[in-house]
Amino acid sequence: MGTGESARHWRPPELPGVDLLRARYIHKTFLRHTHATYVIAAIAEGVEAFHHGGTVHRVGPGGLALINPDTSHTGHAGVPEGWRYDVLYPDAGLVAAIAAETAGFRGTPGFAVPAVDDPGSARLVREVHRAAEEGNALAADTLMRVAVARLLRRHGAPLPVREVRTAGARHAERARAVLEERMTGPPTLEQLAAELGTSPFALLRAYRETYGMPPHAWLTDARVRRARALLDAGTPPAEAATAVGFTDQPHLTRHFGRIIGVPPGAYQRERARTYKTGGPEAA
């Protein structure tokens with residue numbers, strides 16, 4: 001591997017509904033966060049380690065990290081030299097369509113395990129990147145669909161249906177709604193608990209159990225996700241930062257890079273390049 005870090009996060013016009021990330025990280029540490037999409041990360045060199053479901057998983061060359069939507073996880077180097085990988089972020093609707101056509105799923109498709117050793121599938125993910133970078137729309141779309149279908153057949157399972165049964169889970173759900181509504185001026189944990197008629201530590205436990213992270217970490221993740229949508233729409237990073245409740249652009253940049261993997265400015269420039277080349281967002 002080389003000696004420096006590099007990353008490109010983009011959505012090629014050849015693959016509507018799929019974001020790509022190709023990166024080499026050494027010191028990068030991803031905060032606990034979620035994605036609205038699936039995550040299919042093929043490790044090419046080094047080792048990535050990540051927390052998922054109470055366990056630290058380690059994935060090396062030929063392996064893949066497979067994360068379902070809205071699932072809390074982290075990411076960091078598993079060896080001193082870091083890791084290099086190619087990542088697909090397919091939208092939930094696209095994966096559902098592929099699953100319905102090829103895998104015979106009932107319910108919402110998902111991955112049964114977060115880490116697998118599957119060199120053939122990892123190679124397919126890298127080939128999707130190569131075809132997209134070459135502008136080969138037919139190959140990129142074909143390989144992406146083959147890769148997703150193969151992974152679902154080998155490692156897929158219907159996602160469990162979430163049901164809010166306990167009072168704690170209902171408090172967590174209501175707390176999330178409050179934080180979404182008052183993102184730029186959220187209450188303290190004590191104020192939030194009092195508003196919901198519970199105690200701070202009871203709410204903290206329930207939120208962690210329901211969403212995989214405490215309320216403040218979830219709020220940072222939600223702010224970055226909303227800022228990303230604003231950046232997609234062309235909002236300057238400084239304006240997006242304050243619009244979602246960050247104090248300034250450096251505050252957004254710090255958290256954006258530790259969740260998305262690239263700075264907001266670089267992310268937006270790649271989006272703008274897609275628009276100019278006639279990508280789906282330009283329509």
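Let's start with a definition: buried means under 20% relative accessible area, exposed means over 50%, and partly exposed is in between, using a 1.4 Å probe and protein chains only. Histidine 73 has 5% relative accessibility, so this residue counts as buried.

A word on the model. It is predicted, so local features need pLDDT of at least 70, side-chain atom pairs count only at pLDDT 80 or more, and totals for chains, interfaces and linings use all residues. Residues are numbered from 1 along each chain as its sequence is written, and side-chain values use heavy atoms, with hydrogens and water left out.

Back to histidine 73. You'll find this residue in strand 8, residues 73-77. Strands here are DSSP runs of E, at least two residues, and helices are runs of H or I, at least four, numbered from the N terminus. What does histidine 73 touch? Setting aside residues up to four places away in sequence, the list is Leu31, Arg32, His33, Thr34, His35, His51, His52 and Ile67. Contact means heavy atoms within 4.5 Å. A polar atom of the histidine 73 side chain also lies 2.9 Å from the backbone oxygen of threonine 71.

Next, aspartate 70. This residue sits in the loop between strand 7 (63-67) and strand 8. Aspartate 70 is partly exposed, at 37% relative accessible area. Now look at the backbone. Most residues other than glycine have a negative phi. Aspartate 70 is not a glycine, yet its phi is positive, about 55°.

On to tryptophan 10. Its place is in strand 1, residues 6-10. Is tryptophan 10 buried or exposed? Buried, with a relative accessible area of 6%. Its contacts, again not counting residues up to four places away in sequence, are Val18, Asp19, Leu20, Ala132, Glu133, Glu270 and Arg271.

Last, a helix pair. Two packed helices are described by the angle between their axes and the distance between the axes. Helix 1 (residues 92-102) and helix 3 (residues 137-155) pack at about 70°, with axes 10 Å apart. That makes helix 1 roughly perpendicular to helix 3; the cut-offs are under 35 degrees for roughly parallel, over 145 for roughly antiparallel, 65 to 115 for roughly perpendicular, and oblique for the rest. Which residues make the contact? From helix 1, Leu94, Val95, Ile98, Ala99 and Thr102; from helix 3, Met144, Arg145, Val148, Ala149 and Leu152. By class, that contact has 8 nonpolar, 1 polar and 1 charged residues.

Technical notes:
Polar contact = N/O pair within 3.5 Å; in protein donor to acceptor, adjacent residues only side chain to side chain. Axes fitted to C-alpha atoms, helices over the stretch in contact; angles between N-to-C directions. Nonpolar A, V, L, I, M, F, W, Y, C, P; charged D, E, K, R; others polar.
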